[in-house]
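Have a look at it first, then read on.

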Amino acid sequence: MTHARQPRHLHDGTLYWPKTMSTAPSYPVLKQRISTEVAIVGGGITGAICAAVLARHGVPAVLIEGQHIASGSTAANTGLVQFANDVMLSDLIDRIGENDAVRFYQACRKAVVALAQLSADTGEDIGYYTRSSLYCASCEDDVAKLIREYSMLRKHDFPVTWGIPSKVGGEFAKVKAGGLVTHGDAEMNPVRMAHALVSYAAKRGVQVFENTGVLEVGRLNGKFTVLCAEGEIVAEHVVKATGYLPGIVTQAASSAPILKRTYALVTPPGQIPEEWPEHYMMWETARPYLYFRTTPDGRILAGGSDEAMPDTGCDAKILQDRTEGLLAQLRELFPRQDWTAEHAWCGMFGESADDLPMIGEHAEQPGIFHALGVGGNGTVYSMIAASMLRDRILGRDNPLTPLLSPSRNQQSGSSSISPYWPSSSTQPSTSMFA
């Protein structure tokens, strides 16, 4: 038997997205034995996308969440959807070669398109809007790097234009040395989207249960048994969409995500500067970087100030200091605006050693499909994971499997591990901070 331990905080502070829903659907606790083809553990944006994609293809599935749908990292997700990644295409080419790097970026772009279609299929207003992203050089030294990135994106037919748009005012031309714009990105309300996708899946046969944590996962005669407090699931496949905690616990430390925390704020309505046109999203080459986006009700959502801290349990003074730091960066760009924060929070996110997500089966845990979107592009990675899961269930080859395999950085291990479920947490949390 695998027992629970107290999980780390996934977020702290005053969240914005949950307050945009006056009511949220609720689901029962699992209190019986169910047989299905796929058991999805985790009811955040990753589990929701996986459930919706499987439902679309008629694959029987059960989704369980240890607390409430979209209550973990998804509630702190800032809702930026971009095909570009924290690691530039040009830098990724230097690391893994041009073919694999371009294939990965193309998969990210395809995932953005698929997310738009999936959101439309729900028939609900989830705040999903197509946007363009302004990627700024933080200093003169970064201009050459950004020019190289622009050239590589153009070479491989990604939608990109050079330069800071002439309509952008404020102090951008003085503070930012240059920029490029990627097109076809998007913004969303992650809490609304997760609920809409789970509802979409439930209407198509996926059984959904909340307040249903995992006690143990075992395997017998080729099938998995997911044991919960008052019920159990017998499944052909298990999808682990539990976010950054506890990660992928194996004998290889390289499989564990590098945990960090980040900060975000949302202004009151009516604070979008006149100098900021067309609802662009903005981010920059500095690491850590400032980013911001607009919301449908006229707010600015800004974030950054990432720290190498594995827990989000921070006191009010730290959160206030980081919030003031983000507001100061906004004032530098738009000094005429009276910047204040109505909501402010910190959240946990994870990175991998090579800046790529961990998706698929680990050599030490055959049959368990990990959907771990480590990195700064988690929602896009969740869509990629759902597509790879679909192919795995339907017996199709997927060219991303070897590139994103959780076992990619190590020699193949043993063919099994006992217990199958990591012992560091039994409360599945939602996945994706950014």
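Let's start with a turn: E10 is joined to E11 by a hairpin that runs through three residues. Keep in mind that this is a predicted model. Strand E11 covers residues 232–240, and four bridges tie it to E10, with the two strands antiparallel. One place to look is Phe224, whose bridge partner in E11 is Ala235.

Val214 sits opposite Cys228 of E10.

Which residues of E10 lie on its covered face? They are Phe224, Val226 and Cys228, while Lys223, Thr225 and Leu227 make up the uncovered face of this strand, residues 223–228.

**Rings**

The model has 15 aromatic pairs. Here are two of them:

| Pair | Centre to centre | Angle between planes | Type |
|---|---|---|---|
| Phe83 and Phe158 | 5.5 Å | 20° | stacked |
| Tyr289 and Tyr291 | 6.1 Å | 65° | edge-to-face |

The phenylalanine pair brings together distant parts of the chain, 75 residues apart: Phe83 is in the loop between strand E4 (80–81) and helix H2 (89–96), and Phe158 is in the loop between helix H4 (143–155) and strand E6 (160–162). Both Phe83 and Phe158 are buried.

Why is the tyrosine pair edge-to-face? The planes of Tyr289 and Tyr291 stand at 65°, so they pass the cut-off of over 60 degrees for that label. Tyr289 and Tyr291 are both buried as well.

There's also a cluster to find: ring pairs link Phe172, Trp276, Tyr280, Phe292, Phe334 and Trp339.

**Two helices**

Now for H2 and its partner H3, which spans residues 98–122. The two pack at an angle of about 140°, and their axes are 7 Å apart. Angles over 145 degrees would count as roughly antiparallel, and H2 and H3 are therefore oblique to each other. Their crossing is right-handed.

Which residues meet where H2 and H3 touch? H2 brings Leu89, Leu92, Ile93 and Ile96, and H3 answers with Glu98, Asp100, Ala101, Val102, Phe104 and Tyr105.

Technical notes. Residues are numbered from 1 along each chain as its sequence is written. This is a predicted model: local features need pLDDT of at least 70, side-chain atom pairs count only at pLDDT 80 or more; totals for chains, interfaces and linings use all residues. Side-chain values use heavy atoms; hydrogens and water are left out. Buried means under 20% relative accessible area, exposed over 50%, partly exposed in between (1.4 Å probe, protein chains only). Two strands pair if DSSP finds at least two bridges between them. Rings of Phe, Tyr and Trp (its six-membered ring) pair if their centres lie within 6.5 Å; planes under 30 degrees apart count as stacked, over 60 as edge-to-face and the rest as tilted. Axes are lines fitted to C-alpha atoms, for helices over the stretch in contact, and angles run from 0 to 180 degrees between N-to-C directions. Angles under 35 degrees count as roughly parallel, over 145 as roughly antiparallel, 65 to 115 as roughly perpendicular and the rest as oblique. A crossing is left-handed if the near helix is turned anticlockwise from the far one by less than a right angle, and right-handed if clockwise. Contact means heavy atoms within 4.5 Å.
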